[in-house]
Amino acid sequence: MCEKTQFWDQAKGLLEEWYVACTSKELKKDQPLQTTIYGKNFVVFRQKNGQAAVLLDQCVHRGVPLSAGKMTNGCVTCPYHGWSYQADGQVAHIPSVNGKFFPEKPHAFKQRSYDVCEQDGLIWVYLGDKAPTARPEIFKLPFYDAPGWQSYYMVGKYDGEMGAVAQNIMDVTHTIFVHEGWFRSESGKAVDATIEVSPRKVVVEYHDHEADVGMMPWLTNPHGAQQVHRDSFIAPNITLVEYHWGEPSGMVFNSLITPVGPYESRVYTCVSYKFPIPRVLAKAIQPAVNVYTWVVNNQDIKILAARRKGLENMPMTHSHSVRGDMAHIALEKILESLRHDQSLTPSILGKRPMQFQI
Ligand code: FES
Ligand SMILES: [Fe+2]
C-alpha cells in the first residue's frame, strides 16, 4: 500500500471533520483546482451559479486527474477523452457516446462528490460519511469580518503534520529562539497561565499582562493597556492566537490547518487586526503588517522543516515533554481521541495552572 493511502486510512475518525480545500480567491470561475487532503487529491471547481463543488480528482473512465482538465457548461471536463462531471459527480457528457450534455437518460457513471461550504473567504469540504446532523459545525472565524477589524489570509506550506503545526502555533517557549527580536525576546521571567482542556478544545490564558510582544507597541498599544493573551486549539485543525490591548486594539492569528501528507500541512492563517488609528490608515498599513507576519511565519516554516529533517534522520518513538508543554500534550490526546472515536481520559480535562520561563 502506498504511503499516501496509508495516511488517509490512518486518519480514521479525523476524516469526519471539515477541512479547508482552498481560499475563495484561489478558486477561479473557469479553472478547476487540485487540492490534497490526507494524501488524496480532490478537484475543486465552480458551477455555473458560482457555487463550489468538490469531487475525487480522478476520472472514472481511465483515472486521469480531472483538475488537469477544463470547465465546460459548469462541469469539469477530463483532458483525456472529454468526459464531463457535474457537481454531484454524475457524468454529464461522454463525447464518444453521445454529443449531448445532460442526456435525458443519464450515463451510468459517477465520481464521489463531497459536501462543500464557502464561508469567511474559505472553501470547506467534509471528507467523511456521517449524516449532516451528526457532523461538527463549520468553524466561524470570529474576527474575519468583525466591525473595525482588517483581515487577510496567508497561505503557507509547513513540513509538519497537523498536530505538530498546531503545537508550534500554540507554543510560547519557542518564540524567544525562533522569533528572537521579531516577536518576543528572552526576559528570564516566569510566565503564569491557566490551561483549560475540554473534549474538543484547549484554551491557554496567559497572565502576563505587562508583556511586550514586540509588535510595534507604539502602534498596537499606545495607551499602555493591559495585554490579554489567549491561545486556543479547536479540534482538530484550528488555532486561534489572540492579543488584545483594551477595547480599541488587538491582533489575532486564526489558523486553519489542512493535512496534506504524513509530514506536510497547508496552513491558512487569517490575520486580523484593529489598531487605534483611522480605518483608512489601518487599511493602508496592511502591506507592512503583511510583511511582518510573513517574516514570522517563514521562521516557523523553517524550524518545522528542520524538525522534519531531524525526524527523518532518526524517527522518535517517544518525545520528552516538560511542564510548559501541557497544551501540546492535551492537543495530541484530543487528536488521538478523535482519530479512534474514543473519549478523552477524564484526568486530562478541566482547568489547571501552568508555568514556564521565557
Ligand atoms: S480518462 Fe477521462 S475521459 Fe478517458
Ligand atoms: Fe512561531
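Tutor: The model is predicted. Six elements, namely β11 (150-158), α2 (162-170), β14 (227-234), β15 (238-245), β16 (250-261) and α6 (286-313), each give at least two residues to the lining of the largest cavity. Among these contributors, α6 has the largest share, with five residues. The lining is made up of 24 residues in total, and those nearest the centre of the cavity are I169, F183, F253, V296 and D300.

Now the domains. The protein is divided into domain 1, residues 13-134, and domain 2, residues 150-357. To their contact, domain 1 brings 19 residues and domain 2 brings 17 residues. The C-alpha centres of domain 1 and domain 2 are 33 Å apart. Interface size is often expressed as the accessible area lost when the parts come together. Between domain 1 and domain 2, about 1400 Å² is buried, with 58% of it on carbon and sulfur atoms. On the side of domain 1, L14, E17 and V20 supply 34% of the area buried against domain 2, which is more than any other three residues. E17 also forms a salt bridge with R200, in which the closest N and O atoms are 2.8 Å apart. Across the interface of domain 1 and domain 2, one salt bridge is found.

Methods:
Residues numbered from 1 in each chain as written. Chains lettered and ligands numbered in written order. Predicted model: local features only at pLDDT ≥ 70, side-chain atom pairs only at ≥ 80, totals over all residues. Heavy atoms only, no water. 1 Å grid on protein atoms, 1.4 Å probe; cavity = no way out; pocket = protein on both sides within 12 Å on 5 of 7 lines; lining within 4 Å. Helix = DSSP H or I, 4+ residues; strand = E, 2+ residues; numbered from the N terminus. Domains from an automatic or database assignment. Contact = heavy atoms within 4.5 Å. Buried area = accessible area lost by both parts, 1.4 Å probe. Salt bridge = Lys/Arg side-chain N within 4 Å of Asp/Glu carboxyl O.
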